[in-house]
Amino acid sequence: ADRVLNEALDRAAGALKAAKSVAVLTGAGVSAESGVPTFRASDGLWEGHRIEDVATPTGFRKDPGLVWKFYNARRANVRTVRPNPGHLALVKLEQRWGDKFTLVTQNVDGLHRFAGSKKVLEIHGSLYRTRCTGCKKIEDRGLLDLGDLPACPTCTAMLRPDIVWFHEALPEGVWEAAMFAAHEADVLLVAGTSAVVYPAASLIPIAKGDRSLKPVPGTVIEFNLTQTEASSQADICVFGPSGQTLPRLCE
Ligand code: BJW
Ligand code: ZN
């Protein structure tokens, strides 16, 4: 098993070395070793809640207090965690590739920025920010408890978490930049994601490209504990905890 892992890591390092442009797609798995729970538990619940109750616009309309309770708990957890060596390895890669490096994350925990990554595209929003349901103003409020039903200081309408729920569109400019980076990338690293949520997962086929748009297809390298929906599309699969495997890419 060790030999298989070392071979995959060698091939990954080789592909990376030859790349002029690098993109990364991360998911909840890269924060697992920091102590942030991942989403898809076997019972289909998030911390005992049904997904449609806490992570859809309909759920928020029905019971905003419950949704805020859920998010305040998530925010309290994230307040206690720190980046792990996987996050730090991605900071190093950004330093090496400069503006030819783009980190796209589905995570809302802010740990990539905390670790020191500069160019981070948060395609599913952030637990740090609120968005006003009235005047639409977005504000960074940190991770302090905001209470049951926080109101906008400007217009008094109800605030919501600045998170992309199911059935909602991704933030437009951010998503476009993510697609552009995947399209440009010679190498796409896909780390700690089950790759079942769209449109995020479509960055993988975008990086591979079809022949008319991208004469040399991008190389997709997966970092995960197990096989996922991404594995069959990946050129190289590095199985193991990303907090251990990503740092070895930088050696
Ligand atoms: C490790 C590890 C270690 C562990 N090392 N690895 C049917 C019904 C309803 C909707 C749809 C439907 N079919 C399709 C849809 C669309 C839907 C969708 O994709 N659904 C699928 C689930 C079926 N998508 C949407 O609704 C999107 N919007 C949309 O389509 O809008 C259309 C529209 C267009 C134009 C105008 C208007 C509308 C929006 C999707 C937003 C998703 N947001 C969420 C919730 C945010 C809430 C919150 O965080 O509080 O974002 S969903 C949730 O999943 C979260 C995550 O970012 C996202 C991805 O999950 P991720 O990161 O992959 O985590 P896990 O847990 O799934 O996987 C963890 C992985 O890590 C595993 O593989 C482990 O093995 C691994 N791992 N430890 C390495 N140490
Ligand atoms: Zn407002």
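Author: UniProt positions are given here in the numbering used for this structure, with feature names shortened, and such annotations may be inferred rather than shown by experiment. The model is predicted, so local features need pLDDT of at least 70 and side-chain atom pairs count only at pLDDT 80 or more, while totals for chains, interfaces and linings use all residues. Residues are numbered from 1 along each chain as its sequence is written, and chains are lettered from A and ligands numbered from 1 in the order in which they are written.

Reader: Which residues does UniProt list for "binding site"?

Author: The unreviewed UniProt entry lists Cys132, Cys135, Cys152 and Cys155.

Reader: Is Cys155 buried or exposed?

Author: A residue is buried if 20 or more other C-beta atoms, placed from the backbone, lie within 10 Å of its own, exposed if 12 or fewer, and partly exposed in between. Cys155 has 12 such atoms around it and is therefore exposed, whereas Cys152, with 18, is partly exposed.

Reader: What does Cys155 touch, not counting residues up to four places away in sequence?

Author: Two residues are in contact if their C-beta atoms, placed from the backbone, lie within 7 Å. With residues up to four places away in sequence left out, Cys155 touches Cys132, Gly134 and Cys135. With neighbours within four places set aside likewise, the contacts of Cys152 include Cys132, Cys135 and Lys137.
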